[in-house]
Amino acid sequence: MKIIDTHCHLDDEKFDEDLPSVLQKAKEAGIVYILTAATEPQFFQKVVNIAQNYEQVYFFIGVHPHDAKKAEEKTFLEAEKLLHHPKCIGIGEVGLDYHYNLSSPDIQKKVLKRLADIAYNYKKPLSVHVRESEDDIIKILGRKDYKIILHSYNGSKYLLDWAKERDCYFSISGMITFKNAKDLRESVTKIPMDKLFIETDAPYLAPVPMRGKRNEPAFTRYTLKALSDILNTDEENLSQTIYNNTVSLFGLP
Ligand SMILES: [Zn+2]
């Protein structure tokens, strides 16, 4: 089985001590590619180094909405430059998170617009975080022809309708295994098969039966299994479909 974790954070300090063994375990679990997403400007180089050190790791360059206040003018120049790196597959993590507002909504919007413009200019996909911010996401990303991946899609029906019309991709995380994720399990059956991805968002959101532990790319398997049960499809076929979707969007070798 060929599985791809389309969104995680290997530069997180929770992996500092044992990254080589985390990646080895992922390999043994059939994870052939791992797409890691930058979140903070100060760690851009760390993300790049990880992708350079491990053949199966590719990266998104971006600024998480929580960290939007840390973006400076040079951050955007650096992101633009890194888009030319052979292992950079897009802009991410970007988005809007009005649940915590760790950066003000105005700053979040400004940073999202800047990074989305870069993605647009270079025709690169965007890995987008949406939390309690659907209207502004639709306003900001609705007009241009970006390739959008809704990272850790939460099951929102409002977003589903827009995103389907807009040809977005939906990346399903371990949340789908959570007891309270009824909306997500329902919405997922309405996503076109050629728009499906899976991810861990590691070190966060570990799927059942690992819930509460540090998440890692190997655990993508649990999400794949849960998704195949919900869609009533064969795990092997589903993983092949998702593999094809991912490789073709990002142009992976
Ligand atoms: Zn993330």
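These legends accompany several views of a predicted model.

**View 1. The whole protein chain.**
Let us start with the overall picture. The protein chain holds nine helices and eight strands. Taken along the principal axes, its C-alpha atoms fill a box of roughly 45 × 40 × 35 Å. A compact globule of 253 residues would have a radius of gyration near 18 Å, and the 17 Å of this chain agrees with that. Of the 253 residues, 47% are buried. Now look at the contacts with a separation of 6 or more: 69% of them join residues 24 or more positions apart.

**View 2. The open sheet of eight strands.**
Follow the strands across the sheet and you will read the order β1-β2-β3-β4-β5-β6-β7-β8, with parallel pairing. Which strands stand at the edges? They are β1 (3-8) and β8 (196-198); each has a single partner strand, so one side of each is left without a neighbour in the sheet. On average, neighbouring strands of this sheet are turned by 30° against each other, direction ignored.

**View 3. Strand β3 and its side chains.**
Is strand β3, residues 57-61, mostly covered or mostly open? It is mostly covered, as five of its five residues are buried. Val 57, Phe 59 and Ile 61 point one way from the strand, while Tyr 58 and Phe 60 point the other way.

**View 4. The partners of β3.**
Here we meet the strands that pair with β3. Strand β2 (residues 31-37) runs parallel to β3, and four bridges join the two. Look for Thr 36, which stands opposite Phe 59 of β3. Together, β2, helix α2 (residues 44-53) and β3 make a right-handed β-α-β unit. Strand β4 (residues 88-97) is also parallel to β3, with three bridges between them. In that pairing, Phe 60 has Gly 90 of β4 as its bridge partner.

**View 5. Ile 91 and its surroundings.**
Find Ile 91 in strand β4. Why does Ile 91 count as buried? Because 30 C-beta neighbours lie inside 10 Å of it, and the cut-off for a buried residue is 20 or more. Leaving aside neighbours within four places in sequence, its contacts include Phe 60, Ile 61 and Gly 62, as well as Ala 79, Leu 115 and Leu 126.

Which residues of helix α3 (residues 73-82) are buried? They are Thr 75, Ala 79 and Leu 82. Seen down the axis of α3, these buried residues fall within an arc of 65°, so they line one face of the helix. The buried residues of α3 pack against α2, β3, β4 and α4 (105-122). On the other side of α3, Glu 73, Lys 74, Leu 77 and Lys 81 are exposed.

**View 6. Strands β5 and β6.**
Three bridges link strand β5 (residues 126-131) with strand β6 (residues 148-150), and the pairing is parallel. To find your way, look for Leu 126, which stands opposite Ile 148 in β6.

Key:
Residues are numbered from 1 along each chain as its sequence is written. This is a predicted model: local features need pLDDT of at least 70, side-chain atom pairs count only at pLDDT 80 or more; totals for chains, interfaces and linings use all residues. A residue is buried if 20 or more other C-beta atoms lie within 10 Å of its own, exposed if 12 or fewer, and partly exposed in between; C-beta atoms are placed from the backbone. Two strands pair if DSSP finds at least two bridges between them. A crossover is right-handed if, with the strands pointing away from the viewer, the path from the first strand over the helix to the second runs clockwise. Two residues are in contact if their C-beta atoms, placed from the backbone, lie within 7 Å. The arc is that of the directions from the helix axis to the C-beta atoms. The radius of gyration is taken over C-alpha atoms; the globule rule is 2.2 Å times the number of residues to the power 0.38. Axes are lines fitted to C-alpha atoms, for helices over the stretch in contact, and angles run from 0 to 180 degrees between N-to-C directions.
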